[in-house]
Amino acid sequence: MEDNKELIHVYFMPGLAANSSIFEFIELPEDKFKMHFLEWIIPLEDEALTSYAKRLLKYIKHKDPVLIGVSFGGVIVQEMCKFIEVRKLIIISSVKCRDELPRRMRIAAETGLFKLLPVSLLDYVDYFEKIAVGEFIKKRAKLYRKYLSVRNHRYLNWAIKNMVLWDCDKPRKDVIHIHGDKDEVFPAKYINNFIEVKGGTHVMVINRYRWFNKYLPEIILTGGIKQKNNKEIEK
């Protein structure tokens, strides 16, 4: 089936420090789509974002793919699209240019405060799970350990730096942006021209996967959603 020319090949890029298991609940019709999952690679010393994006291209095995990126992964797929032709470019819980970054990130970029972020805290995810008290906290700790598995310090420092210093003044016209109105990392009030997910947070690709399973096929095929009524879109 993989060589079937009628299949649309869809590549998914996870968010910062996350692995591709964040897409474990996403399902696309197998008669139309073939899903592929990208993973983070460790950046070279002082590697430019464009160079990193180019290196990731070796994992794209099909022509005219659909690229889907979450959060910082959305920035990465936008950079990758500078070098290849794609069928669709879709970002989720991300930004299309610097103007969409929240004020605190722009301040961090201007002042260099992002350099002070304690990335080593991710080393304590396993420890946090062991000492967690209460079912809710234990469940949250297990989720952190499961999904946030990329803890290499060079990668983390590089990713945070390139997120807040992303050199993009003007959005691409072909970006399809899916965003939650309750996103706490990239607040919707800073975002323009997006498909809104009511009640969607920054991790909605995990906890609102039913929405994506329902609407993502249509978005890939047509670039949008045929909105019959507001209640249907909010599900």
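Let me start with two helices, α2, residues 72–80, and α6, residues 153–164. Their axes come within 10 Å of each other and cross at roughly 75 degrees. Keep in mind that this is a predicted model. Two packed helices are described by the angle between their axes and the distance between the axes. An angle from 65 to 115 degrees counts as roughly perpendicular, and α2 and α6 are therefore roughly perpendicular to each other.

Which residues make the contact between α2 and α6? From α2 we have F72, V75 and I76, and they meet W158, A159, N162 and M163 in α6. Sorted by class, that contact has six nonpolar residues, one polar residue and no charged ones.

Now look at F72 on its own. Leaving out residues up to four places away in sequence, F72 touches W158, A159, N162 and M163, and also G15, L16, W40 and L49. F72 also belongs to the largest nonpolar core, which has 39 residues. Within that core, L67, F72, I76 and M80 touch the most other members. Several elements supply at least two residues each to this core: β1, α1 (49–56), α2, β4 (88–92), α3 (103–111) and α6. The largest share, six residues, comes from α6.

Apart from this core lies another one, of 30 residues, and V10, I178, I195 and F212 are among them.

Next, strand β1, residues 8–13. Is β1 enclosed or open? Six of its six residues are buried, so β1 is largely enclosed by the rest of the structure. I8, V10 and F12 point one way from the strand, while H9, Y11 and M13 point the other way.

β1 has partners. Five bridges join β1 to strand β2, residues 33–37, and the two run parallel. In that pairing, F12 stands opposite F37 of β2. Strand β3, residues 66–70, is joined to β1 by four bridges, and this pair also runs parallel. Here V10 stands opposite V66 in β3.

Last, I178, which was named in the 30-residue core. I178 sits in strand β5, residues 175–180. Buried means under 20% relative accessible area; I178 has 0%, so I178 is buried.

Conventions:
Residues numbered from 1 in each chain as written. Predicted model: local features only at pLDDT ≥ 70, side-chain atom pairs only at ≥ 80, totals over all residues. Heavy atoms only, no water. Axes fitted to C-alpha atoms, helices over the stretch in contact; angles between N-to-C directions. Parallel < 35°, antiparallel > 145°, perpendicular 65-115°, else oblique. Contact = heavy atoms within 4.5 Å. Nonpolar A, V, L, I, M, F, W, Y, C, P; charged D, E, K, R; others polar. Buried < 20%, exposed > 50% of the residue type's maximum accessible area, 1.4 Å probe, protein only. Pairing = 2+ DSSP bridges. Core = buried A, V, L, I, M, F, W, Y, C linked by side-chain atoms within 4.5 Å.
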